[in-house]
Amino acid sequence: MSVTEGMDEVEQTISSGSKRSRSRTSEVWNDFEILPLYEDGHRKVKCRRCTNILTADKENGTSNLRRHAKKCHQENDSVPYRPPLDQDMYREKIAMAIIRHNYSFSFVEHEVNRELHIFLNPDVKPICRNTTKSDVLKIYKRERENLKRALELVPGKICLTLDLWKSSTTDEYMVLTAHYIDANWELQMRVLCFSHTPPPRSGKILGERLFNILKEWGIEKKVFTITLDNASYNDTLVNSLTKNPSFRSSLPCSGEFFRVRCGAHILNLIVQEGLKIIEHVVHNIRESVKYVRGNDTRKLRFAECLQELPNLTSKKVRQDVPTRWNSTYLMIEIALTFRDAFHNLSIVDGSFHTCPSDDEWDKAGKIAKFLKPFYDITTLFSSTQYPTANLYFHGVWKIHLRILEEMEDDDIVISAMAKSMKEKFDKYWDCYSIVLSFAVILDPRYKLQFVEFSYRRLYGTDGTKMVMDLRDKLYSLFEGYLRATNYEAHDMVENASSSGANEKVRDADIAGFDTFESQIFGSINSKSQLDVYLEEARFDHNTHLDLDILEYWESHCVRFPELSLMAHDIMSIPITTVASESAFSIGGRILDKYRSCILPQNAEALLCSRSWLFGGQVILDHDDEHLVEDFEHLCISGHVTYNDED
C-alpha cells in the first residue's frame, strides 16, 4: 500500500464529517481504538494490546501503525490477549462478594488481597472501604426498586412474617419478610426490611412502623396475613393495624384471618410444658451426657464401655440445649441407644452417680416415642423448603390426636405430661387456624371430607357443627374474591367506555340480558366454582402422595379463576416465622463481635441485598457441632491406663 493510499484510508476511517464514513478495509485497524480529535487538531489512536497512544493523521498514513502493530505482536505473542479491565464491573463483583459471603468492607483494603487482584490484572485500581460501602448501597437501592416492581406484578395477595431480634450489642432489629406466589406459581420469600428499632417498642408503635414500611413498598393494599409468635406486644400490633380503616378495608373478611400464630413456636410451648413434668428423668440423662464429655479420662472410659456393645452403627453422644426441646428429644433418643454403656460405666466408674435407673430409662423410651411426632412435625414446619399451608392441618391434627391418646396412658408420668400439654394446646390451637384449615380443603386429595373425618375422631358428633362453621367461613372468603373480580370487570368496562372504545363495550340495548338470564336460568348455573370443586371426586391420596399443590391449581386457573386465585393466596401463608430466624442467623454474622459498630443502614443493605440476589434459603445456624461428641476414634482395643480425674 502506498503512503497516499494509507492517508486516504486514515481520512476515510476517522472522518468526523456529516457524511457516513466508509468501512475500514485494512486489518491494522483491528489492533487500534480510535480516540476523539485532540484540541491541537491531531488524530490519535490507542493500541489495544499495550495501550500506547499513536498519531494517526492523514499525512502519516497507516505505515507507523503497521510497524507498531508488528512490533507489539512480536513482544506479546507469548502473552494471551487480555481485554481492557472494566473497573465498574470489577467494583460490582467485589460488592457482590461482600454481600454473598459476609466479608467486611475492609476486605478490599487487605494488603495481600490487593496484591492478588493486581497480580491477576495489573489494570486493577484498588478501592477503599468507603467506595465499597457506596457500591453496596447502590446495589441495594437498585435491587430494592426491582423487587418493588416485582411485588406490583404479584397476581394475588402477599403474606408477611415479622419478628424482633437482638444483636450482640443488644440493639434490636425488626425483620419483615414477604411471602407470595408469583405469576409462574412459584413460592417466593423476600426480606423487606432489617430495620433498627430503638425503644420504645410497644405493639402500637411497631404497628405504625410496620404500616409505614408497607406503604413505602406500595403493598399496604395487598396484604393477606401476618405470621407472628406469641409475644404479648404482637396482640397490640395486630389490633392497631386492623383498626386502621385504610388498612382494614383491603383485608379479606375485614381482617378475620389476618393473624396467624407461628406453628413452631406453639409446638415449642406445648412440648416445654410437658417436659416440666418429666424433668427428673431428663435431668439424669442430661447429666450423664455431660459427665462422659467432661474430660479425656471419662471419654476414654466411656469409649471402652461402648466397645462392649455389639452392632453399634454410631458412637456419637449428643448434648442438648434446654431451651430447645427438639435438641432434648435428640439427646434422649440417642442416649437410649447407649443405655447399656452408661450402665456399665456406672459399675466401673465410682464417680459416675447420675446414671438413670432402669425405670427412668423405660420412661425415657416412652417419652421419646411420645415426642417423635412432635419432632417430625416441627422439622416439617421448619423445613428449608418452605412448606405450603396445606400441610398445617395434618400436623396439628396428629399432635392433637397423640396428646388425647397419651392422656389415657397407664403410666402416670406420661399421662400427666400429656394433660399438661393439652392445657397449652387448648390455649393456642383449640380451634386450629381457620385460614390454614382452608388449605387442606383446597387440597384435592382431602377436601372437606378429611376435615369432617378428623373432627369426628376428635369430637365425635360435635365435629359436624364445627365442619359446617368452617365451611361457612370458607364460602364467605370465596364470595369476597368473587366481588373483587366483579369490581375489576366493572372498572374495565367503565374505562373502555370513557376511552371511546364503544365497540368493546356491551350494547346498551341488551344491558338487561345478564339479569334476565340469572332470573330465568339461574337454577341451571347456580353452582359456584367452589361448589363444583367440592362436589367432584377427590384424588386418591395414596396414589398422589407427591402431588404438587401449586401445579394443580395452576392447571385449573381457567376452569376455576376466582377459586384458584383464593388457593393461590392461601397456599402462600407461612406456617412459621422460620424465615425471620434465617434472617437473624445472617444478621448475627453481619453484626458479630468483630463488626458490631456497623451502621444500621449498612447492615440492612447487606442482609436485604443477599435475600434479593441470592434467594431466600433458610439458614438456621444453631452451631450444633459443639453439642455432639464422637467416640469412634477413641474406641480402640487394648488396655487403657487411667489417671486420677478430679
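Exposure, salt bridges and packing

Me: What does Arg-559 count as at 44% relative accessibility?
Reply: Buried means under 20% relative accessible area and exposed means over 50%, with partly exposed in between (1.4 Å probe, protein chains only). The model is predicted, so local features need pLDDT of at least 70 and side-chain atom pairs pLDDT 80 or more, whereas totals for chains, interfaces and linings use all residues. Residues are numbered from 1 along each chain as its sequence is written, and side-chain values use heavy atoms, without hydrogens or water. Because its relative accessibility is 44%, Arg-559 counts as partly exposed.

Me: Which residue meets the side chain of Arg-559 in a salt bridge?
Reply: A salt bridge requires a side-chain nitrogen of Lys or Arg within 4 Å of a carboxyl oxygen of Asp or Glu. For Arg-559 the N to O distance is 2.0 Å, and the partner is Glu-536.

Me: How many residues apart are Glu-536 and Arg-559?
Reply: The side chains of Glu-536 and Arg-559 meet in a salt bridge. Glu-536 lies in the loop between α21 (529-535) and α22 (549-555), and Arg-559 in the loop between α22 and α23 (561-570). Helices (H or I, at least four residues) and strands (E, at least two) are DSSP runs numbered from the N terminus. The pair links distant parts of the chain, with a separation of 23 residues.

Me: Which residue pairs with Glu-256 in a salt bridge, and in which helix is it?
Reply: The side chains of Glu-256 and Lys-473 meet at 2.7 Å, N to O. Glu-256 is in the loop between α8 (245-248) and β8 (259-261), 217 residues apart from its partner. At 43% relative accessibility, Glu-256 is partly exposed, and Lys-473 is partly exposed at 29%.

Me: How many salt bridges does the chain count come to?
Reply: Another of these pairs is Asp-362 with Arg-339, at 3.2 Å, N to O. Glu-92, Arg-142 and Glu-143 are linked in a network of salt bridges. By the 4 Å rule, the count comes to 27.

Me: What span does helix α5 reach from its first C-alpha to its last?
Reply: The expected span of a helix is 1.5 Å times one less than its number of residues. Helix α5 (residues 129-152) has 24 residues, with 34 Å expected. The span that α5 reaches is close to that value, at 35 Å.

Me: Which elements do the buried residues of α5 pack against?
Reply: Buried residues of α5 include Asp-135, Ile-139, Tyr-140 and Glu-143. Contact here means heavy atoms within 4.5 Å. The elements packed against are α3 (87-101), β4 (158-166), β5 (172-181), β6 (187-196), α6 (203-217) and α25 (600-614).

Me: Which residues form a nonpolar patch with Phe-119 on the surface?
Reply: Phe-119 is located in helix α4 (residues 111-120) and counts as exposed because its relative accessibility is 68%. Patches take residues with over 30% relative accessible area and no salt bridge, joining like charges within 9 Å and nonpolar side chains (Val, Leu, Ile, Met, Phe, Trp, Tyr) within 5 Å. The patch has about 370 Å² of accessible area (Shrake-Rupley method, 1.4 Å probe; for residues, only the protein chains shown count as cover). The residues that form it with Phe-119 are Leu-116 and Leu-120.

Me: What percentage of the residues in the chain is buried?
Reply: The chain has 25 helices and 10 strands. Of its 646 residues, the buried share is 47%.
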